[in-house]
Amino acid sequence: MQSEPGVMEVEGNIWAGRRRYGPDDDMTDFFVFAKDGRYLVIVEVPAKLSELQIGSDFILAQSSDDLDVQYVHLYRIGK
């Protein structure tokens with residue numbers, strides 16, 4: 001996801017994006033931390049997404065194709 005370095009979701013968890021060095025990759029990793037600082041999980045998402053909202057069990061994001069047509073995606077987060 002094209003994102004800021006850290007994003008807070010509705011439950012207060014922090015999603016910290018991990019920069020990858022080297023050739024471009026199709027995926028982006030986010031380290032997710034609980035609001036008390038505990039590490040929870042790494043979430044891998046397509047790199048060309050821009051998040052709109054991160055909920056307790058979903059990510060709502062948008063992307064655009066080569067013609068600049070925008071698409072909205074809803075991904076479920078399994079816990």
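**Figure 1. Asp 36 and its salt-bridge partner in the predicted model.** Asp 36 counts as exposed, because its relative accessibility of 55% is over the 50% cut-off. Its side chain forms a salt bridge with Arg 38, and the closest N and O atoms of the pair are 3.2 Å apart. Arg 38 has a relative accessible area of 49% and is therefore partly exposed, as the exposed class begins over 50%.

**Figure 2. The salt bridge between Arg 76 and Asp 57.** The side chains of these two residues meet with an N to O distance of 3.8 Å. Arg 76 belongs to strand β7, residues 70–76. Asp 57 sits in the loop between β5 (50–54) and β6 (58–64). The pair therefore ties together parts of the chain that are 19 residues apart in sequence. Arg 76 is exposed, at 61% relative accessible area, whereas Asp 57 is partly exposed, at 33%. In total, the count of salt bridges comes to two.

**Figure 3. The strands of the chain.** The chain contains seven strands and zero helices, giving the pattern β-β-β-β-β-β-β along the sequence. Among these strands are β5 (50–54), β6 (58–64) and β7 (70–76). Of the contacts with a separation of 6 or more, 24% are between residues 24 or more positions apart.

**Figure 4. Burial and surface of the chain.** Of the 79 residues, 27% count as buried. The accessible surface comes to about 5,700 Å². Carbon and sulfur atoms account for 52% of this accessible surface.

Terms used: Residues numbered from 1 in each chain as written. Predicted model: local features only at pLDDT ≥ 70, side-chain atom pairs only at ≥ 80, totals over all residues. Heavy atoms only, no water. Helix = DSSP H or I, 4+ residues; strand = E, 2+ residues; numbered from the N terminus. Buried < 20%, exposed > 50% of the residue type's maximum accessible area, 1.4 Å probe, protein only. Contact = heavy atoms within 4.5 Å. Areas by Shrake-Rupley, 256 points an atom, 1.4 Å probe, with all protein chains shown as cover. Salt bridge = Lys/Arg side-chain N within 4 Å of Asp/Glu carboxyl O.
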